[in-house]
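Student: Please take a close look at the charged side chains here and at how they pair, and then go on to the spaces between the helices. I would like one connected account, with the cut-offs given as the terms come up.

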Amino acid sequence: MLQGFGGQLLLGALSTVQLAAAALVVGSVFGLVGCWLQLRRHRVLRSLGYLYAAIVRGVPDLLVVFAVYFGGSLTLALITGEYVEVNAFAAGVFALALSFGAYAAEIARGALLAVPQGQREAARTLGLSSVQALWTVVIPQAARTALAPFGNQSIVLIKQTSIVSIVGCEELMRKAAEASGATRQPFTMYLAAACIYLALTGIATLLLEAAERRSARHLIA
């Protein structure tokens, strides 16, 4: 049915998982930094945080990929004096991380602000310092609040990896396109890719539900 391209599609799926995992880690760092900036009292820092989220969330993800890929090549050319092609995988990770981080920053900020001020005051009354109250009271509650939206955005990230194929990254969609051109059976190949995406997002959904149940048990306890 897949005319020998099943292995190639599985390799593409592996690359997709690696791409999503790397973008998730880097994007989480971007999100934490963006959240930290947005919660600063300093106007310039706070404005930078909001500007990052507004620009990235307001621009199509495909344009972010193009900006990173071609902009990276242009920057390296200016530095080295000769054309340097950016690695497609690295550009894809950075572009997806930028997009993910913008949403993660909003999720983290909302979760932190959702913790009642009374919780902080109660922690201080018990003799905890500001840092201790943050790590033992505020962050655990915010983490539980942010778990579901953060997990949902992570599932979206898996699907977003498909756009990186446009710059030559050898992920699942790129492999499906190559198999489609070689076999002249686009429906079959893209249907196979769709099934693999469904499997990946299904596994991610199950992991998210398990994490939510574990979090709920700890909350009850």
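Tutor: E170 has a relative accessible area of 33% and therefore counts as partly exposed, the class that lies between buried (under 20%) and exposed (over 50%), judged with a 1.4 Å probe and protein chains only. This is a predicted model, in which local features need a pLDDT of at least 70 and side-chain atom pairs count only at pLDDT 80 or more, while totals for chains, interfaces and linings use all residues. Residues are numbered from 1 along each chain as its sequence is written, and side-chain values use heavy atoms, with hydrogens and water left out.

The partner of E170 is K175, and their side chains meet in a salt bridge with an N to O distance of 3.4 Å; the term requires a side-chain nitrogen of Lys or Arg within 4 Å of a carboxyl oxygen of Asp or Glu. K175 has a relative accessibility of 14%, so this residue counts as buried, whereas E170 is partly exposed. In general, side chains of opposite charge can pair when their charged atoms come close. Across the whole structure, a search finds four salt bridges.

Another of these pairs joins E178 to R174, where the closest N and O atoms are 3.7 Å apart. These residues are four positions apart in helix α7, which spans residues 172-183, so about one helical turn separates them; helices here are DSSP runs of H or I with at least four residues, numbered from the N terminus. E178 is partly exposed because its relative accessible area is 35%, and R174 falls into the partly exposed class at 31%. Elsewhere, salt bridges that share partners join R57, E106 and R109 into one network. E106 has a relative accessible area of 18%, so it counts as buried, and R109 is buried because its value is 19%.

Rolling a probe the size of a water molecule over the atoms shows where empty space is left. A pocket is an open set of points on a 1 Å grid over the protein atoms alone, where a 1.4 Å probe fits and protein lies on both sides within 12 Å along at least five of seven lines, and its lining residues have an atom within 4 Å of a point. The largest pocket holds about 910 Å³ of space, a volume being the space filled by probe spheres set on grid points that are joined across faces, edges and corners. Its lining consists of 27 residues, and those nearest the centre are C35, L39, L112, L134 and I139. Two or more lining residues come from each of α1 (6-38), α4 (88-114), α5 (117-125) and α6 (130-160), with α6 giving the most, 11 residues. By type, the lining of the largest pocket has 20 nonpolar, three polar and four charged residues; Ala, Val, Leu, Ile, Met, Phe, Trp, Tyr, Cys and Pro count as nonpolar, Asp, Glu, Lys and Arg as charged, and the others, Gly among them, as polar.

The second largest pocket contains about 340 Å³ of space. It is lined by 16 residues, of which L24, S154, I158, A204 and L207 are the closest to its centre. Each of α1, α6 and α8 (186-220) supplies at least two residues of this lining, and α6 gives the most, with six residues. The lining of the second largest pocket divides into 13 nonpolar and three polar residues, with no charged residue.

P149 is found in helix α6 and is partly exposed, with a relative accessible area of 34%. The C-alpha atoms of P149 and I79, 70 residues apart along the chain, are separated by 40 Å.
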